[in-house]
Amino acid sequence: MDRQGRRFAREYFWFALALIAILAGSAARAATADEPGPDTKKPTTEELERRIAILEQKLEAQQRAIAELLQAQSQAAQALRAQSAEAAQPGAARETPAAPPPAAQPAPTAAQTAASAATAAQTAASAATAAATAATAAQPATTAAQPPATAQQHPVTEQQAGSATQSSPQIFAGPGGFSFQSADGANQIRFHGEFDFDGRFYNDELTPDGSRSTWLLRRARPILEGTFANIFDFRFNPDFAGGKTVIQDAFVAARFNPLFVVTAGKFKEPFGLERLQLSPNNRFIELGLPSDLVPNRDLGLQVSGTFVFPTGTLTYQVGYFDGVADGTSTDANSTPDVDNNDKKDWVARLFAQPFLRTDSVFRYLGAGIAVSYANQVGSAANTLLTSYKTETQRNFFGYDAATTAAGATIANGERLRISPQAYYYFKRFGLLTEYVSESQDVSRTFGTGANALTRRARLKPDSWQVGTTFLMTDDEATFGTVVPKRPFALDQPGWGALEFAARVSQLKLDSATFFTPAGTAADWFADPSAQAREATAWTLGLNWYLTQDVAWNLNYTRTNFDGGAPNGKDRADESAVFTRFQVAF
């Protein structure tokens with residue numbers, strides 16, 4: 001069983017690397033094939049900007065002509081009123097009626113005026129879109145989300161310029177949240193929120209009577225985002241769930257260029273694919289087992305950017321962080337959001353969507369790889385190691401703490417994580433997979449004084465998962481938010497979107513954690529009679545998206561173990577039913 005699992009993990013790892021190589025090669029060939037020939041000349045950004053300026057000048061000229069026409073009509077009407085008033089005065093001399101003045105050209109109706117302005121604005125907007133496509137790329141994943149695009153802004157007229165400082169902000173409200181912005185759209189404030197109310201119901205013997213069922217507030221996050229000068233984005237995301245306050249995100253990002261975005265503060269390390277997905281978009285109530293090895297939120301500095309090529313995009317992220325133990329955030333440190341050692345983590349990630357800009361069936365295929373590295377030494381009070389949880393949020397493995405016979409197992413040297421990852425979405429179908437391999441140097445001292453013996457090892461736990469989804473309604477699968485085509489509404493034909501989900505995930509500990517080099521079971525770094533050496537979880541889910549913002553989720557998870565019980569036996573299987581009521585906007 002152990003050798004077969006190891007062999008499968010290695011095969012999965014090399015398969016993922018081969019898939020990434022194939023995708024990269026396909027993207028390169030597609031980019032070469034679609035490069036413009038020497039005789040093909042694309043308009044430059046300056047040419048497009050000149051065209052936009054010409055269109056704006058035409059629009060202004062049209063607006064001035066309309067204003068002059070309206071002014072002429074007003075003057076003619078005033079003259080007619082003055083003549084009528086003079087004729088109506090008592091004793092006024094009667095004159096021979098003069099020929100009526102030429103009738104003023106009738107002013108265009110409001111609809112005609114709006115149609116003319118809309119036509120010009122649409123033309124300018126189209127040119128602006130072309131310029132943006134040629135000059136900029138899609139924002140990277142760490143950039144704060146933008147509100148729905150507004151109409152193309154045009155220079156104000158001279159008459160409007162005088163009152164420009166008194167203009168009211170533009171206010172938006174919709175399924176994506178609430179926001180208001182300046183008239184030119186350069187400064188914005190956006191409000192979002194996520195509230196998850198969960199029920200956990202365990203139906204196994206691992207949880208004592210009286211604590212097998214519970215309701216809890218899993219997330220309570222009012223989120224504030226904004227943009228200043230159309231360059232600087234910020235995000236502030238506190239969480240009030242669990243009877244405490246935790247700052248999940250607090251960062252600022254400077255978008256100097258689509259290829260160069262600098263982010264500083266607290267945010268997710270660019271590593272695990274499922275963890276990088278926004279929590280309202282996770283297709284299962286809790287993350288899969290690979291997230292036990294994946295870093296969560298951390299404090300640091302990151303540089304990122306997105307390259308756009310003819311058929312798709314390539315995003316890079318490189319960060320320098322305080323560093324966190326497997327599956328944790330900096331708020332779990334002994335002093336929250338303060339580094340618990342002097343060493344730092346380097347993290348890098350590449351993610352390609354090679355066919356995103358095509359109409360291919362592989363348009364929503366993405367694949368990439370992430371790497372993190374640190375060299376650090378723990379202590380008995382701060383081991384820099386952590387325990388691992390099942391998908392039902394119960395510990396199944398932990399390194400040994402200090403005893404009378406030996407010290408605690410501590411991190412002592414290099415830690416290297418590698419994660420190939422991919423997803424694919426097509427019509428109603430979705431697939432997400434990732435593999436995480438870790439290499440962690442550890443040590444543990446047995447005995448004291450002259451009889452002390454320190455054992456060292458490089459442990460290599462690994463984990464993988466494959467999750468798939470299928471929308472049973474006529475809706476589109478996506479890595480992001482599912483938007484029902486027919487949202488739920490009273491007295492109207494709409495029930496929202498219904499999605500089925502299934503996932504299998506596994507986490508395996510290195511055998512050297514429990515066995516001597518000779519293969520004898522021993523309590524070297526973890527107790528084999530209490531800590532499982534492998535966990536495999538199977539999860540089925542049903543997601544009902546009533547609207548884009550309101551969802552109900554139901555999961556059934558069963559986990560089985562290798563080891564973790566006395567006398568070499570396996571820990572008892574666990575199973576649970578989770579449910580969630582979610583509002584996220």
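Colleague: Which residues does Glu438 touch, leaving aside residues up to four places away in sequence?
Modeller: This is a predicted model, so local features here rest on pLDDT of at least 70. Glu438 sits in strand β15, which covers residues 429-446. With residues up to four places away in sequence not counted, Glu438 touches Leu293, Asp326, Tyr388, Arg415, Leu416, Arg417, Leu459, Lys460 and Pro461.

Colleague: Is Glu438 buried or exposed?
Modeller: The relative accessibility of Glu438 is 2%. Buried means under 20%. Glu438 therefore counts as buried.

Colleague: With which side chain does the side chain of Glu438 make a polar contact?
Modeller: Arg417 is among the residues that Glu438 touches. The two side chains make a polar contact at 3.2 Å. The partner of the Glu438 side chain here is Arg417.

Colleague: Let's stay with β15 for a moment. Over how many bridges do β15 and β17 pair?
Modeller: Happy to. β15 and β17 run in the antiparallel sense, and their bridges number 9.

Colleague: And what is the bridge partner of Val466 in β18?
Modeller: β17 also pairs with strand β18, residues 497-508, in the antiparallel sense over 10 bridges. Within β18, Val466 has as its bridge partner Val504.

Colleague: Why is β17 described as largely enclosed by the rest of the structure?
Modeller: Strand β17 spans residues 462-471. It is largely enclosed because, of its 10 residues, the number that are buried is 7.

Colleague: How many residues of the lining of the largest cavity are polar?
Modeller: That lining includes 4 nonpolar residues and 3 charged ones. Gly counts as polar in this grouping. The number of polar residues is 7.

Colleague: Which strands each supply at least two residues of the lining of the second largest cavity?
Modeller: The second largest cavity has a volume of about 70 Å³. Among the residues that line it are Asn555, Tyr556, Thr557, Ala576, Val577 and Phe578. By class, its lining has 5 nonpolar, 4 polar and 3 charged residues. The strands that each supply at least two are β20 (550-563) and β21 (574-584).

Colleague: What about the open space: which strand gives the most to the lining of the second largest pocket?
Modeller: About 1100 Å³ of space lies in the second largest pocket. It is lined by 40 residues, and closest to its centre are Arg218, Arg275, Asn296, Gly327 and Gln393. At least two lining residues come from each of β4 (213-228), β6 (246-257) and β12 (388-389). With 5 residues, the strand that gives the most is β4.

Colleague: Last one: how many residues of the lining of the second largest pocket are charged?
Modeller: Two of the residues closest to its centre are Arg218 and Arg275, and Arg counts as charged. The lining also has 10 nonpolar and 15 polar residues. The number of charged residues is 15.

Conventions: Residues are numbered from 1 along each chain as its sequence is written. This is a predicted model: local features need pLDDT of at least 70, side-chain atom pairs count only at pLDDT 80 or more; totals for chains, interfaces and linings use all residues. Side-chain values use heavy atoms; hydrogens and water are left out. On a 1 Å grid over the protein atoms alone, a cavity is a set of points where a 1.4 Å probe fits but cannot get out, and a pocket is an open set with protein on both sides within 12 Å along at least five of seven lines; lining residues have an atom within 4 Å of a point. Grid points are joined across faces, edges and corners, and a volume is the space filled by probe spheres set on the points. Helices (H or I, at least four residues) and strands (E, at least two) are DSSP runs, numbered from the N terminus. Buried means under 20% relative accessible area, exposed over 50%, partly exposed in between (1.4 Å probe, protein chains only). A polar contact is a pair of N or O atoms within 3.5 Å; within protein, one must be able to donate a hydrogen and the other to accept it, and residues adjacent in sequence count only if both atoms are side-chain atoms. Contact means heavy atoms within 4.5 Å. Two strands pair if DSSP finds at least two bridges between them.
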